[in-house]
Amino acid sequence: MRHLSFLFLLLTLLLSVNQTANAQSTELGVIIGEPTGVSAKFWTSGRTAVDLGVAWSLGESGNMHLHSDYLWHFWNQSGLAFYTGLGGRLILNDDTQLAARIPLGLQFNVARRLSLFFELVPTLPIIPETSSDFDMNGGAGLRIRF
């Protein structure tokens, strides 16, 4: 099972690198919530992006989380976007876990190079076993655009 988790993460990262080759810009920042960590967004067009995160659960377990999502943005004229997407999350601990993610969020471009975002992310555990129980992650963050 660990080999399958590693292959999934490697495939996601390779697809992300391929998608970012034509990116218009890159954003790097932090997300505070559950989990808390570093967030990067690679724009592939004006409406689509690949989001990557490396974060840590602040709960008792202190697990490391890695995630990657493909996002679709729906902008309004004030610089506010609703976004949704599909992705995966890998939790690294003694019993590695893989889950599907469905991010739902808002992004506001505060300035030309600065954005704020808020997201809720239902997750569905896949490995070690599929269950019908959804988990919920979420947080607020700040990114600087390069």
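The legends below accompany an overall view and several close-up views of a predicted model.

**View 1. Overall make-up of the predicted protein, with 1 helix and 9 strands.** Read from the N terminus, the elements follow the order α-β-β-β-β-β-β-β-β-β, and the protein has 146 residues, of which 42% are buried. Among contacts with a separation of 6 or more, 44% are between residues 24 or more positions apart. The accessible surface amounts to about 8,100 Å², and carbon and sulfur atoms contribute 68% of that area.

**View 2. The cis peptide bond between glutamate 34 and proline 35.** The bond that joins these two residues has an omega of about 0°. Most peptide bonds are trans. Proline 35 is placed in the loop between strand E1 (26-34) and strand E2 (36-43). Both Glu34 and Pro35 also belong to the lining of the largest cavity, which is the subject of the next view.

**View 3. The largest cavity and the residues that line it.** The structure contains 2 cavities of 30 Å³ or more, and the largest cavity has a volume of about 60 Å³. Its lining consists of Ile31, Glu34, Pro35, Ala55, His67, Arg101, Glu119, Val121, Asn137 and Gly138. By residue class, this lining divides into 4 nonpolar, 3 polar and 3 charged residues. At least two residues of the lining come from each of E1, strand E8 (114-127) and strand E9 (135-145).

**View 4. The hairpin formed by E7 and E8.** Strand E7 (residues 104-111) runs antiparallel to E8, and 7 bridges join the two strands. Within this pairing, phenylalanine 108 has leucine 116 in E8 as its bridge partner.

**View 5. Pairing of E8 with E6.** Strand E6 (residues 97-101) is joined to E8 by 4 bridges, and these two strands run antiparallel. Alanine 100 stands opposite leucine 124 in E8. Arg101, which falls within the residue range of E6, is one of the residues that line the largest cavity.

**View 6. Pairing of E8 with E9.** E8 and E9 pair over 10 bridges, in the antiparallel sense, and threonine 123 stands opposite aspartate 135 in E9.

Notes
Residues are numbered from 1 along each chain as its sequence is written. This is a predicted model: local features need pLDDT of at least 70, side-chain atom pairs count only at pLDDT 80 or more; totals for chains, interfaces and linings use all residues. Side-chain values use heavy atoms; hydrogens and water are left out. On a 1 Å grid over the protein atoms alone, a cavity is a set of points where a 1.4 Å probe fits but cannot get out, and a pocket is an open set with protein on both sides within 12 Å along at least five of seven lines; lining residues have an atom within 4 Å of a point. Grid points are joined across faces, edges and corners, and a volume is the space filled by probe spheres set on the points. Ala, Val, Leu, Ile, Met, Phe, Trp, Tyr, Cys and Pro count as nonpolar, Asp, Glu, Lys and Arg as charged, and the others, Gly among them, as polar. Two strands pair if DSSP finds at least two bridges between them. Buried means under 20% relative accessible area, exposed over 50%, partly exposed in between (1.4 Å probe, protein chains only). Contact means heavy atoms within 4.5 Å. Accessible areas come from the Shrake-Rupley method with a 1.4 Å probe; for residues, only the protein chains shown count as cover.
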